[in-house]
Amino acid sequence: PCWKVFDAFMYCMTPINQAHSYYERGIPEWCPDLMNKWMLCMRIKWKDPEDAARIKREQLDPPLIGHFWEFHPSYATEARRAYGTDAKIASVPDGENTRPPALATQRGENSS
């Protein structure tokens with residue numbers, strides 16, 4: 001909704017937000033980016049639904065980057081369940097244990 005973008009833009013320009021940004025980072029927060037987002041959101045409202053959806057997807061929605069860690073192959077299913085995406089799986093040399101010994105013994109698995 002455009003009102004959320006507008007609200008963020010208006011908050012960006014408040015003295016308290018600018019003072020906080022200046023205190024935290026040493027520079028004031030840059031608000032024209034939020035203004036451009038709000039103007040784009042308002043323009044989308046006048047487009048036909050297909051164009052509006054395409055523009056929103058390309059310019060307003062943040063890209064999904066997924067999980068950036070590499071997981072041991074034995075954790076692939078657990079990582080998929082926990083994070084909801086296919087995680088990167090690290091390559092494991094042949095003959096290496098499927099789970100680290102400390103974790104296998106904690107879970108009551110036989111480490112042989």
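Buried means under 20% relative accessible area, exposed means over 50%, and partly exposed lies in between (1.4 Å probe, protein chains only). By that scale Trp38 counts as partly exposed, because its relative accessibility is 25%.

This is a predicted model, in which local features need pLDDT of at least 70 and side-chain atom pairs count only at pLDDT 80 or more, while totals for chains, interfaces and linings use all residues. Residues are numbered from 1 along each chain as its sequence is written, and side-chain values use heavy atoms, with hydrogens and water left out.

A search of the whole structure finds 2 aromatic pairs, where rings of Phe, Tyr and Trp (its six-membered ring) pair if their centres lie within 6.5 Å, and planes under 30 degrees apart count as stacked, over 60 as edge-to-face and the rest as tilted.

| Pair | Centre to centre | Angle between planes | Class |
|---|---|---|---|
| Phe6 and Trp38 | 4.9 Å | 45° | tilted |
| Phe9 and Trp38 | 6.4 Å | 15° | stacked |

Phe6 lies in helix α1 (residues 2-12) and Trp38 in helix α3 (residues 32-44), so their pair ties together parts that are 32 residues apart in sequence; helices here are DSSP runs (H or I, at least four residues), numbered from the N terminus. Phe9 also lies in helix α1, so its pair with Trp38 in helix α3 ties together parts that are 29 residues apart in sequence.

Phe6 counts as partly exposed at 32% relative accessibility, whereas Phe9, at 9%, counts as buried. Phe6, Phe9 and Trp38 form one aromatic cluster.

Terms used: Helix = DSSP H or I, 4+ residues; strand = E, 2+ residues; numbered from the N terminus.
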